[in-house]
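Here's a quick briefing to read alongside the sequence and the 3D view. Have a look at the structure, then work through the notes.

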Amino acid sequence: MGKKVNPIFFRLGKSNPYHSLWYSNKKHYGKILKSDILIKEILKKNLFYINISYIDIIITNVLKLNIYLTDFEKFDEFYKFLDLLVIEISKILRKNILINFVFENNVNAKVLSNSILKQINNKISIKRLMKKEVLKFINHFDGCKIQISGRIEGVDIARKEWYLFGSIPLHTIRNKIDFYFSEHITQYGVLGIKTWVFKK
């Protein structure tokens with residue numbers, strides 16, 4: 001069976017939680033949805049050098065942001081520019097802003113994908129690189145699949161390389177599966193990286 005459905009979207013509200021928590025009537029729905037997307041884009045633009053797992057946006061009388069970090073070393077550099085970030089967000093939604101930074105030591109699909117991206121330019125075999133990264137985090141999950149497609153290692157014909165460890169039960173809704181897709185621009189073209197992580 002083809003993997004046409006995003007595993008996270010398929011499981012929302014069942015085994016995967018929502019990361020945007022707000023309610024609005026028809027009249028204001030479009031406006032709040034637009035501001036939700038803008039807030040995420042601003043945070044990703046300003047925090048591109050810090051590994052962020054998720055961003056929770058909770059809109060009530062105040063705007064509450066829960067930012068889940070996996071890399072806490074570079075946070076001190078960003079702390080100086082926090083006021084500017086708050087001013088930029090407050091222009092979109094004129095509410096009091098409460099920001100919580102949550103440090104997580106978990107390995108998810110995004111962390112695994114980013115660790116591959118950092119090493120992909122090195123002259124290492126892609127298959128060996130995927131296996132090395134999975135074995136590094138092997139104790140953190142029960143199953144993992146990584147697929148890289150494009151002009152791998154500069155070859156003229158595009159192809160797919162993948163590595164599977166454990167099991168990935170994509171058909172079972174109650175199983176928690178984390179999925180992440182990212183693109184990496186190389187001198188030969190764009191490589192697409194898909195990562196599935198299964199935790200019991």
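A residue counts as exposed when its relative accessible area is over 50%, as buried when that area is under 20%, and as partly exposed in between. Keep in mind that this is a predicted model.

**Salt bridges**
- Searching the whole structure turns up seven salt bridges.
- One of them joins the side chains of Arg151 and Asp156, at 3.5 Å from N to O.
- Asp156 has a relative accessible area of 67%, so it is exposed, whereas Arg151, at 30%, is partly exposed.
- A network of salt bridges links Lys127, Glu153, Arg159 and Glu161.
- Glu161 counts as buried because its relative accessibility is 18%, while Glu153 is partly exposed at 48% and so is Arg159 at 29%.

**Nonpolar cores**
- The largest nonpolar core has 21 residues, with Ile39, Leu43, Leu63, Leu65 and Ile89 making the most contacts inside it.
- Elements giving two or more residues to this core are α2 (26–46), β2 (52–59), β3 (63–69) and α4 (82–90).
- Another core, of 20 residues, lies apart from it and includes Ile116, Met130, Ile146 and Leu191.

**The sheet**
- Four strands form an open sheet in the order β1-β2-β3-β4, with mixed pairing.
- β1 (20–21) and β4 (97–103) each have a single partner strand, so one side of each lacks a neighbour in the sheet.
- β1 pairs with β2 in the parallel sense over two bridges, and Leu21 sits opposite Ile58 in β2.
- α4 packs on the sheet, touching β3 and β4, and its direction makes about 130° with that of β4.

Note on methods. Residues are numbered from 1 along each chain as its sequence is written. This is a predicted model: local features need pLDDT of at least 70, side-chain atom pairs count only at pLDDT 80 or more; totals for chains, interfaces and linings use all residues. Side-chain values use heavy atoms; hydrogens and water are left out. A nonpolar core is a set of buried Ala, Val, Leu, Ile, Met, Phe, Trp, Tyr and Cys residues joined through side-chain atoms within 4.5 Å. Buried means under 20% relative accessible area, exposed over 50%, partly exposed in between (1.4 Å probe, protein chains only). Two strands pair if DSSP finds at least two bridges between them. Contact means heavy atoms within 4.5 Å. Axes are lines fitted to C-alpha atoms, for helices over the stretch in contact, and angles run from 0 to 180 degrees between N-to-C directions. A salt bridge is a side-chain nitrogen of Lys or Arg within 4 Å of a carboxyl oxygen of Asp or Glu.
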